[in-house]
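Student: I have a new structure to read. Where do I start?
Tutor: Let us open it and go feature by feature.

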Amino acid sequence: MTRQAAIVGGNRIPFARSNSKYARASNQDMLTATLDGLVARFGLQDQAVGEVVAGAVLKHSRDFNLTRESVLGSRLSAATPAYDVQQACGTGLEAAVLVANKIALGQVESGIAGGVDTTSDAPLAVNEDLRHALIALNNAKTLPQRLKALSGLRPGQLVPDVPRNVEPRTGLSMGEHAAITAKEWGITREAQDELTVASHQHLAAAYDRGFFDDLVTPYLGLTRDQNLRPDSSLEKLATLEPVFGKGEGATMTAANSTPLTDGASAVLLSSDEWAAERGLPVLAHLVDAQTAAVDYVHGGEGLLMAPAYAMPVMLARNGLTLQDFDLYEIHEAFASTVLSTMKAWEDPAFCAEKLGLDAPLGPIDRSKLNVHGSSLAAGHPFAATGGRIVASLAKALHEMGPGKRGLISICAAGGQGVVAILES
Amino acid sequence: MGTPVVLSSAPSMAKLFAQAAVTARGRGGSLPDTHLARVAVEVDPGQVADYAQVCRFPLADTLPPTFPHVLTFPLQVALMADRAFPLALPGLVHVRNRVDVVRPVGVGERLDLEVWADAFAPHRSGATVDLVASVRSRGDEVWRGRSTYLARGATAPGAPADVPELTIGDVSEAAVWRVPDDAGRRYAKVSGDVNPIHLSGLTAKAFGFKRAIAHGMWVKARALAALSGRLPEAFSVDVAFRKPLFLPSTVALSTGAREGGWDLAVRAQAAGTDHVLGRVRPL
């Protein structure tokens, strides 16, 4: 038995800038609040859903069972199973795919997919040398052994290990990686700033027309995404100094790169029957999804280019072309990432040599791209982005009427990518 | 009912405890008709976050159900520290507390607080008095609190209060809490309740306790926090504080679903003595 999973709706809290409104909120606080908002919206109080799947990218070791703990603190029935996933920035979309697949197979009738991240309440770890010394101390059984372990302690070891947005194998930050790709593809500063301004304007317009009224629940004093600047303009953005890349050709600024953000999102998925029994809407179906990975360490491919590889595989399987969609959601990790990916799909050499295609995938109609804003404006709490996009796109497709198709593309750390098709 | 005396800010509790201690002798008479009030009180989100952390509530857009007690408590203490109050504050024991959450209260709501004393009555071991708190938002009462204090050996006019003992049905053990030595100091910091009996062994001994004891309202709050997501929208939570919970201790929370709410008990894990018994019921 296979069937397509329905997207019933979503909920998220406004995304906050790092160390600001949500500085005191833990991942569990935010995920619980987001689940409770979804429960309230769809009348799920004290009910069990088939499964809740969510995750966080930056996680304390105490959060090993983050999703289940959040479910236990929420208004969902305690008889709701849950598990954690983590695929860097792909976490939220991957969670939705996992829930949708179980629904498609008939293993569950309903499920919630979500994600949360805080860069404020970050999991500082003890210095690696101190950790080894403390483990030795803990294992010591005799006084001389304890003294020996203690003798390994040094004041410098008190400096904690702060999580950094860095690829472990290359030592480069994600922004530095993206800057290399931007340079390779000749992505201009102007093009990046234009995409950035569009993101802010689209998001502001969507808020103004009430698009997010049934997608966002205020939290801790925020009613809109804190990073949103409706008055963003090309002139203002042009004054910023580049922060990633070096020298003359550097194009990436703090504005055309996503800032560190805190937030959470959740999406309710189900079978059509489950939704119908409860009088709940079906906004869209999750039709298909595909992941891909690239060798950004030794293989010469850009860290965030994996979605470019996933896309033709998924399109071919569904007999679709890149132009067969009414809306496109390409996650704006960096403006340059969106532009590099689209340029790659238009490039005959890349499509032939790297993707093994007879012809390029071709261009995307820019008027259909990220029409309700994306991560540059909303911010990007890593694992929460997928849920934001799935719920917003499903609602947008539903508004356009039946049979409309939407495409999602999300790049992730570790050289990975997730793409998916929704249809109303 | 007297006209409320409106205070412009929360009184300093350290000062009040000191004032109450030096004016403890020679108290007596009947209850004053004083109502103390504060209007349009804005809640500090930082204090809510601190309180939520110490009591283990999730950080949400609504106040933890016991948080308004922290807002009204300084007014209670001011009322009791005043010379007109018939009982001496040092030595008063919190024996019962009922909170009514009429509806969840948003962190951003401006709250009007009013506190008065009520039900001064003889008790088999002395006299009891209730400190009543009412919290309003835009004119509507959203929260009520009633704290019963026992003054051992004191006398009160009239007949003993006809308040039935709080009893609970079957409960089963839900969680074990290792309550650390500094639990009193941590709660004092976030609640402002700096009663010395909670702060350290030394200060507790001065008031006749062998060790520092946990704040009853912290135990109550933590029990409610353990039921997060499992509480009715509007509810009452009535608890009786039995034997003091000496710090540090290992205790067990037991719960049982009953009448749309919960019965609960916090008991010493080793001896099985009752520290707190409680009933949560929908309003």
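Tutor: Start with a helix. The expected span of a helix is 1.5 Å times one less than its number of residues. Keep in mind that this is a predicted model.

Student: How many residues does helix 14 of chain A have, and what distance does it reach?
Tutor: Helix 14 of chain A, residues 385-400, has 16 residues. From its first C-alpha to its last it reaches 23 Å, close to the expected 22 Å.

Student: Is helix 14 of chain A mostly covered or mostly open?
Tutor: Mostly covered. Of its 16 residues, 13 are buried.

Student: What follows helix 14 of chain A?
Tutor: Gly401(A) does. The phi of Gly401(A) is positive, near 110 degrees.

Student: How do I judge whether a single residue is buried or exposed?
Tutor: Count the other C-beta atoms within 10 Å: 20 or more means buried, 12 or fewer means exposed, and in between means partly exposed. Take Ser199(A), in helix 7 (residues 189-208) of chain A. Ser199(A) has 28 C-beta neighbours inside 10 Å, so it counts as buried.

Student: Which residues does Ser199(A) touch, beyond those up to four places away in sequence?
Tutor: Glu332(A), Asn370(A), Gly373(A), Ser374(A), Leu376(A) and Ala377(A).

Student: Why does Arg186(B) count as partly exposed?
Tutor: Because Arg186(B) has 17 C-beta neighbours inside 10 Å. Arg186(B) sits in helix 4 (residues 183-191) of chain B.

Student: And Arg152(B): buried or exposed?
Tutor: Exposed, because 11 other C-beta atoms lie within 10 Å of Arg152(B). Arg152(B) belongs to strand 6 of chain B. Leaving aside neighbours within four places in sequence, Arg152(B) is in contact with Gly91(B), Ser125(B) and Gly126(B).

Student: What joins strand 7 of chain B to strand 9 of chain B?
Tutor: 7 bridges do, and the two strands run antiparallel. Strand 9 of chain B covers residues 249-258.

Student: Which way do the side chains of a strand point?
Tutor: In a regular strand they alternate between the two faces of the sheet.

Student: How many bridges join strand 3 of chain B to strand 6 of chain B?
Tutor: 8 bridges, and the pair runs antiparallel. Strand 3 of chain B is also joined to strand 8 of chain B by 6 bridges, again antiparallel. Asp100(B) shows both pairings. Its bridge partner in strand 6 of chain B is Arg144(B). In strand 8 of chain B, Asp100(B) stands opposite Ser236(B).

Student: Where do the domains of chain B divide?
Tutor: Domain 1 is 1-163 and domain 2 is 164-283. Their centres, taken over C-alpha atoms, are separated by 18 Å. The contact takes 32 residues from domain 1 of chain B and 29 residues from domain 2 of chain B. On the domain 1 side, the largest share, 8 residues, comes from strand 3 of chain B. That side divides into 20 nonpolar, 6 polar and 6 charged residues.

Student: What are the domains of chain A?
Tutor: Domain 1 (128-158) and domain 2 (174-210 + 287-423). Their C-alpha centres lie 49 Å apart.

Student: Last, how many residues are in contact between the two chains?
Tutor: 9 residues of chain B are in contact with 13 residues of chain A. The chain B side divides into 5 nonpolar, 3 polar and 1 charged.

Key. Residues are numbered from 1 along each chain as its sequence is written. Chains are lettered from A and ligands numbered from 1 in the order in which they are written. This is a predicted model: local features need pLDDT of at least 70, side-chain atom pairs count only at pLDDT 80 or more; totals for chains, interfaces and linings use all residues. Two residues are in contact if their C-beta atoms, placed from the backbone, lie within 7 Å. Ala, Val, Leu, Ile, Met, Phe, Trp, Tyr, Cys and Pro count as nonpolar, Asp, Glu, Lys and Arg as charged, and the others, Gly among them, as polar. Helices (H or I, at least four residues) and strands (E, at least two) are DSSP runs, numbered from the N terminus. Domain bounds come from an automatic or database domain assignment. Two strands pair if DSSP finds at least two bridges between them.
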